[in-house]
Amino acid sequence: MEHGATVSLGRYFSRQLKENSSYYFATQLDYEELITNIFWADARMIIDYSHFGDVITFDTTYSTNRDARPLGVFLGLNYHRETVVFGGALLYDETIEFFVWLFETFLEAMFEKKPITIFTDQDAATLAAIKVVMPKTYHALYSWHMWQNAEKHLGHLLKNEPQFNADFLACIYEYDGEDEFLTAWNEMLDKYDEKWAQAYVKRTFIAGMKTTQLSENFNADLKDCLRTDLNIVEFFTHFETVVNQKRDKELEAEYNSRQKFPRLKLKSSPMLNQVATVYTPKLFDLFQTEVEEVMALSILERNVSQTHSYVVGVFNQNGKYEVMWNPLDETLSCSCRKFESFGILCRHGLKVLDVLDIKLIPNRYIMKRWRRDAKDGSRKNCTTHNINPDTRLEYEIYAHDIMA
């Protein structure tokens with residue numbers, strides 16, 4: 001970075017710190033003591049990460065265009081399933097050592113709270129750094145990247161074996177249960193003699209992330225501010241604007257959730273009434289779909305002992321799901337692992353609860369990150385970590401409520 005840009009950047013960061021002392025930034029210098037890499041996160045990003053940093057994506061596709069500024073962004077999903085930004089980095093040096101520094105710096109800003117899962121592209125330096133800095137964090141690849149890899153290495157199958165496309169996509173998207181996935185996967189291994197790797201994304205919490213949609217949407221919004229003809233301060237100003245647009249969407253979703261009661265398709269359902277004002281509207285709609293699908297399920301087998309075991313099937317469809325219920329501690333699990341990977345109970349588990357005449361969801365299965373009050377306690381977290389929160393969102397919601 002040129003000297004003039006460095007001075008401008010220093011002034012920009014000084015202004016941010018003056019406005020909020022919890023603003024975090026760090027720079028990495030080369031052997032000539034010139035800035036080569038930058039990471040930053042404002043107070044709101046740090047607070048949001050404390051609530052929704054269980055699953056994150058680190059995307060560097062912005063830097064693949066030679067005419068664009070080399071940017072990396074940490075993103076996630078909030079309780080309305082809207083994009084939330086946790087931090088940004090300018091990547092003038094993309095070595096393993098840099099990514100180790102970046103991830104260590106990111107965690108330092110977030111008070112060493114590591115994510116459960118991180119999605120990235122297939123960059124070798126990124127993969128190596130994650131193993132060093134976050135060895136217990138589950139590293140996942142987006143399905144889009146897997147498909148791109150398949151096109152790169154298995155082009156001959158895509159060209160000469162028309163059925164391969166359908167078989168491969170089915171393994172990625174269609175199978176809920178691990179057993180049925182394994183059956184289909186092994187059949188594909190036998191059918192197409194290639195080298196394969198196995199992965200089970202449903203063994204970890206991913207909050208419903210599978211595709212690159214989150215990054216693609218943010219990338220499109222950032223397009224105008226990545227031009228290299230912008231000076232460094234203009235870039236940061238544009239970036240702030242895009243981040244604030246995302247926050248405005250959260251504000252709008254929060255306001256709407258306070259003004260509208262969800263539409264219950266089964267008005268007499270105790271479970272739907274239980275969570276109608278607990279889940280955010282987006283999550284309520286997803287859960288309501290699971291409740292509706294219970295009508296299409298049947299109990300094919302049952303084994304009632306100390307732990308109840310049920311095999312659940314779908315009417316006129318293949319596929320079986322094993323559901324376990326322990327009445328002693330009221331724990332429920334399903335082979336589809338929807339709760340473990342997404343955070344809401346699946347239709348198969350709900351079917352078993354219905355058979356057991358259990359009309360309300362046990363509290364442990366209403367995940368805090370999907371609740372309307374997911375961000376309650378923000379001030380307590382701020383006090384604990386000496387973070388000075390940006391209260392603009394709270395004031396704007398209050399103003400909207402008064403005007404309404």
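The model is predicted, so local features need pLDDT of at least 70 and side-chain atom pairs count only at pLDDT 80 or more, while totals for chains, interfaces and linings use all residues. Residues are numbered from 1 along each chain as its sequence is written, and side-chain values use heavy atoms, with hydrogens and water left out.

A nonpolar core is a set of buried Ala, Val, Leu, Ile, Met, Phe, Trp, Tyr and Cys residues joined through side-chain atoms within 4.5 Å. Buried means under 20% relative accessible area, exposed over 50%, and partly exposed in between (1.4 Å probe, protein chains only). The largest core has 101 residues, of which Trp-40, Leu-102 and Phe-239 touch the most other members. Its largest share, nine residues, comes from helix H3 (residues 96-109); helices are DSSP runs of H or I, at least four residues, numbered from the N terminus. A second, separate core of 13 residues includes Leu-154, Phe-168, Ile-172 and Tyr-192.

Salt bridges, defined by a side-chain nitrogen of Lys or Arg within 4 Å of a carboxyl oxygen of Asp or Glu, number 15. In helix H2 (residues 43-52), Arg-44 and Asp-48 lie four residues apart, about one turn of the helix, and their closest N and O atoms are 3.4 Å apart. Arg-44 is buried at 7% relative accessibility, and Asp-48 is buried at 1%.

Arg-347 forms a salt bridge with Glu-290, with 3.0 Å between the closest N and O atoms. Arg-347 lies in helix H14 (residues 347-355) and Glu-290 in helix H12 (residues 281-293), so the pair ties together parts 57 residues apart in sequence.

Key
Helix = DSSP H or I, 4+ residues; strand = E, 2+ residues; numbered from the N terminus.
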